[in-house]
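Here is a short briefing on one protein model. Look over the sequence and structure first, then read the points below.

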Amino acid sequence: MIKKDLKTGFIGAGNMCEAIVGAMVKSGIFHPSMIMVSDIDKNRLDHFENLYAVTAIPDNFKLFSESDVVVIAVKPQQIKDVLLAVLKQNNFKLTKRKLILSIAAGYSIKKFEDIFYPYIDENSRPDLPIIRVMPNTPALVLAGMSGMCMNKFTTDDDAAFARKILETTGKVMDFKEKDFDGITALSGSGPAYLFYLMESMIKGGVEAGLDHDKASVLAMETVKGAAALLEQTGEAPEVLRKKVTSPGGTTEAAI
């Protein structure tokens, strides 16, 4: 049974944080009263309170202390300083089990262990499991794809709760951490590749004499339709490409 009374706190209130918080609230699975957000930008905190009715806390130490699940949502280059500011507080103590969930690109589980575990008694370290996640920006429209991996202290319940959070934004798959460079390149950066492809399609349409707005609609609907065809037929991209590409035809010439 996955607990629903765990308080989830987000350190960092950027766009990906908002995508996840918004999805959690919209899902109805997580009540806003069980979600907290901290950030140095008061305007962002006001935004979260007003739009999602979650609790805004300008103090990372307070948020960390009160949360059962702590989502690290700050930029990778800020992580160490932000977390050490919490851990070096004189009254810091791990008084209950906490799950650490990171959505920072390129930041390994070992880096988090090297930050957290020196400040925690060795016998208490199993009470601070760490899960690393690579989400992507379509999470903003509940069509995200996330990969996640876990350290040795992560239990099945920990993983299930993390999965429950991420599934509100789209789909999630489990991986080994060695796969994370590939995940980052494929699904993390993947939306940018498709946007670049669409840019090129629109530009090509305009150069062929089409109105820019109409070329944009043609490109968008073509990409949406192709994705739907791929998903609904279950056929491999290579197979569908060959079906469109007649020998000696215009598509073959373009490719």
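Where is alanine 53 found? Alanine 53 sits in the loop between helix H2 (42-52) and E3. The model is predicted: local features need pLDDT of at least 70, side-chain atom pairs count only at pLDDT 80 or more, and totals for chains, interfaces and linings use all residues. Residues are numbered from 1 along each chain as its sequence is written, and side-chain values use heavy atoms, with hydrogens and water left out.

**Overall picture**

- The protein has 11 helices and eight strands. Helices (H or I, at least four residues) and strands (E, at least two) are DSSP runs, numbered from the N terminus.
- Its C-alpha atoms fill a box of roughly 70 × 40 × 35 Å, taken along the principal axes.
- Of the 255 residues, 40% are buried. Buried means under 20% relative accessible area, exposed means over 50%, and partly exposed lies in between (1.4 Å probe, protein chains only).
- The protein exposes about 14500 Å², and carbon and sulfur atoms supply 56% of that area. Accessible areas come from the Shrake-Rupley method with a 1.4 Å probe; for residues, only the protein chains shown count as cover.
- Take the contacts between residues at least 6 apart in sequence: 68% of them join residues at least 24 apart. Contact means heavy atoms within 4.5 Å.

**The sheet**

- Eight strands form an open sheet with mixed pairing, in the order E3-E2-E1-E4-E5-E6-E7-E8. The edge strands are E3 (55-56) and E8, and each pairs on one side only.
- Two strands pair if DSSP finds at least two bridges between them.
- Strands of a sheet pair through backbone hydrogen bonds, either parallel or antiparallel.
- Strand E6 (residues 130-134) pairs with E7 in the antiparallel sense over four bridges. Here arginine 132 stands opposite cysteine 149 in E7.
- Strand E7 (residues 144-150) pairs with strand E8 (residues 170-174) in the parallel sense over five bridges. Serine 146 has valine 172 in E8 as its bridge partner.
- E7, helix H6 (residues 156-167) and E8 make a right-handed β-α-β unit. Right-handed means that, with the strands pointing away from the viewer, the path from the first strand over the helix to the second runs clockwise.

**Glycine 170**

- Glycine 170 lies in strand E8. It is partly exposed, because its relative accessible area is 22%.
- Leaving aside neighbours within four places in sequence, glycine 170 is in contact with Leu142 and Gly144.
- The C-alpha atoms of glycine 170 and serine 146 are separated by 7.7 Å, and these residues are 24 apart along the chain.

**Positive phi values**

- Most residues other than glycine have a negative phi.
- Alanine 53 has a positive phi of about 60 degrees although it is not a glycine. Alanine 53 counts as exposed because its relative accessible area is 52%.
- Leucine 142 also has a positive phi, near 60 degrees. Leucine 142 belongs to the loop between E6 and E7. At 43% relative accessibility, leucine 142 is partly exposed.

**A nonpolar surface patch**

- Leu194, Phe195, Leu197 and Met201 make a nonpolar surface patch of about 370 Å².
- Patches are made of residues with over 30% relative accessible area and no salt bridge; like charges are joined within 9 Å, nonpolar side chains (Val, Leu, Ile, Met, Phe, Trp, Tyr) within 5 Å. A salt bridge is a side-chain nitrogen of Lys or Arg within 4 Å of a carboxyl oxygen of Asp or Glu.
- Leucine 194 is in helix H8 (residues 190-207). Leucine 194 is partly exposed, at 45% relative accessibility.
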